[in-house]
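The sequence and structure are shown first.

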Amino acid sequence: MLFPERLRQLRAQSGLKQKEIAKKIGVDIPMYSRFEHGERRPKRETVVKLAKIFGCDAEELVALWLAFAALNEIGTDKLADKALVYLRHELGDAPEPAPAAPAPAVEPAPVAAPQPSAPKFSITIPSIDPAKQNIVKLLGNSPFPQYYNGDALQMLTRVEDDSIDCIVTSPPYWNLRRYGAESITIDNIDEFIENIVAVMGQLYRVLKPSGSLWLNLGDTYQNKALKALPWRIALRMIDEQGWILRNDVVWDKQNSAFDSSADHLRNTHEFIFHFVKSDEFYYDDEELRIYFNNVSEKKAKEGKTSSGVTGMKYRRNVMGSTALSEEEKKNALAELDKVVDMVNSGEIPDFRMFIRSFPGQVLDSKSEKAKSINEKGYYFLLYNKNGAMPGDVWNIAPAVSPVERYNVFPESLCHLVILATCPDGGIVLDPYCGLGTACKVAYDLHRRAIGIDINELYLQKAKEKIQQQPLSLF
């Protein structure tokens, strides 16, 4: 018997609950639970406090604690036996410690059985029955979103492997609001994280290799400490599930609810993480540029270069260069003529030209610019006619909600991510769909959609949104 088992036995004998012991030693319940299950080791002084609480021999408990530490350090190493020989020699061949005194005639709680007062940290992952995976099959080619009432983790078992093109979702805030029947009603922050991470594992399974997950997560304070929930969840997804993080978008909501706090800044942003599961993901940057920058065809045709439509400034730079050979100058001027024609015809709105700065210059970089200058002596940066690539800070105000104290995804935000990462006719999934904004936008953009939520009232409102829309034909 080592430290964790002895700790559980002592608590069973004492009749104390985990929360009572946690309070006495100055830790929270989740941390104390980890002590009992061997997931974390308390400090030595904490072990002494525990011995006093249980009225047991402090030296015996500390010795068990040390033995458990040694087991964790070398117990699984193939050289553990040899290490123990050296250790006993260093200690003067000390005799083995006397076995712990037998416990009083009180039946100890079974080690494997959960204690009634223990919080639930281990989320049970539902088993997958391939015979029941039919949600995408039932959707078929229907242009209308299909909604399912139920727990996200349970309902996702009915979604086929590698079947979803794009996931757009925003799980409920932890312990901040209650909207009646909610997707996650968990008061313990560790259990909340476990639940979200478990759902993300299911989403990894159902997402196509070419698919994308856009995950919006809000943070919260507990005991005046910002909990960093978005990053705690994101890092576990990366480390444990194999997700690839492409972007962490800062969603500047431009306003926030009234905040009476006087010891921290108002919170006006949330994170939106763009995850993929392979490097072959679908990404339409042209649609993204067009929508985000609102660049019209007329505006693109009115583009001008900073040196005029003749590119005279760049011609002078090339002709006067001492770093370019005569052959390089000839090629640079010929290509400059072509680029200027592209601007005048409206094919591109603008360009920039870069040339070698001095003879023999070699740029130490793998960029296209460096490669071109090293090989040809010059490089043209052609501006995209649909505008610059959007940045990773999005200034988008939240939508007005028909439900009191309920945040709604703005349609413009969903529009952005679906256009960029879901092909025409593809399938969008929102496992916490709420009022169905992502599904509605998918319908408007000729994508199929699946929404899951535990709140039947919200799903009814989501259906009403579609019923008010004209028929979307593929």
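The model is predicted, and the values given are computed from it.

**Helix pairs**

Two packed helices are described by the angle between their axes and the distance between the axes. The table lists these quantities for both pairs.

| Helix pair | Axis angle | Axis distance |
|---|---|---|
| Helix 2 (residues 18-25) and helix 3 (residues 29-36) | roughly 105° | within 9 Å |
| Helix 13 and helix 14 | about 170° | 10 Å |

The axes of helix 2 and helix 3 cross at roughly 105°, which makes helix 2 roughly perpendicular to helix 3. On the side of helix 2, the contact involves Gln-18, Lys-19, Ile-21, Ala-22 and Ile-25; helix 3 contributes Ile-29, Tyr-32, Ser-33, Phe-35 and Glu-36. By class, six of these residues are nonpolar, two are polar and two are charged.

Ala-22, located in helix 2, is buried, since its relative accessible area of 1% lies under the 20% limit. Beyond its neighbours within four places in sequence, Ala-22 is in contact with Val-27, Asp-28, Ile-29 and Tyr-32. The C-alpha atoms of Ala-22 and Tyr-32 are 5.8 Å apart, although the two residues are ten apart in sequence.

Helix 13 and helix 14 pack at an angle of about 170°; they are therefore roughly antiparallel to each other. Tyr-314, Arg-315, Val-318 and Met-319 of helix 13 meet Lys-329, Ala-332, Leu-333, Leu-336 and Asp-337 of helix 14. This contact of helix 13 with helix 14 comprises six nonpolar and three charged residues, with no polar ones.

**The faces of helix 14**

Helix 14 (residues 326-344) has 19 residues, which at 1.5 Å a residue should span 27 Å; the end C-alpha atoms are 27 Å apart, in agreement. Its buried residues are Glu-328, Lys-329, Ala-332, Leu-333, Leu-336, Val-339, Val-340 and Val-343. Viewed down the axis of helix 14, the buried residues fall within an arc of 130°, so they line one face of the helix. An α-helix has 3.6 residues a turn, so residues three or four places apart point the same way.

The buried residues of helix 14 are covered by elements that include helix 13 (312-319), strand 8 (351-355), helix 15 (368-376) and strand 9 (378-382). The face turned away from the buried side of helix 14 carries the exposed residues Lys-330, Lys-338 and Asp-341. Just after helix 14, Gly-346 adopts a positive phi of about 85°.

Terms used
Residues are numbered from 1 along each chain as its sequence is written. This is a predicted model: local features need pLDDT of at least 70, side-chain atom pairs count only at pLDDT 80 or more; totals for chains, interfaces and linings use all residues. Side-chain values use heavy atoms; hydrogens and water are left out. Axes are lines fitted to C-alpha atoms, for helices over the stretch in contact, and angles run from 0 to 180 degrees between N-to-C directions. Helices (H or I, at least four residues) and strands (E, at least two) are DSSP runs, numbered from the N terminus. Angles under 35 degrees count as roughly parallel, over 145 as roughly antiparallel, 65 to 115 as roughly perpendicular and the rest as oblique. Contact means heavy atoms within 4.5 Å. Ala, Val, Leu, Ile, Met, Phe, Trp, Tyr, Cys and Pro count as nonpolar, Asp, Glu, Lys and Arg as charged, and the others, Gly among them, as polar. The expected span of a helix is 1.5 Å times one less than its number of residues. Buried means under 20% relative accessible area, exposed over 50%, partly exposed in between (1.4 Å probe, protein chains only). The arc is that of the directions from the helix axis to the C-beta atoms.
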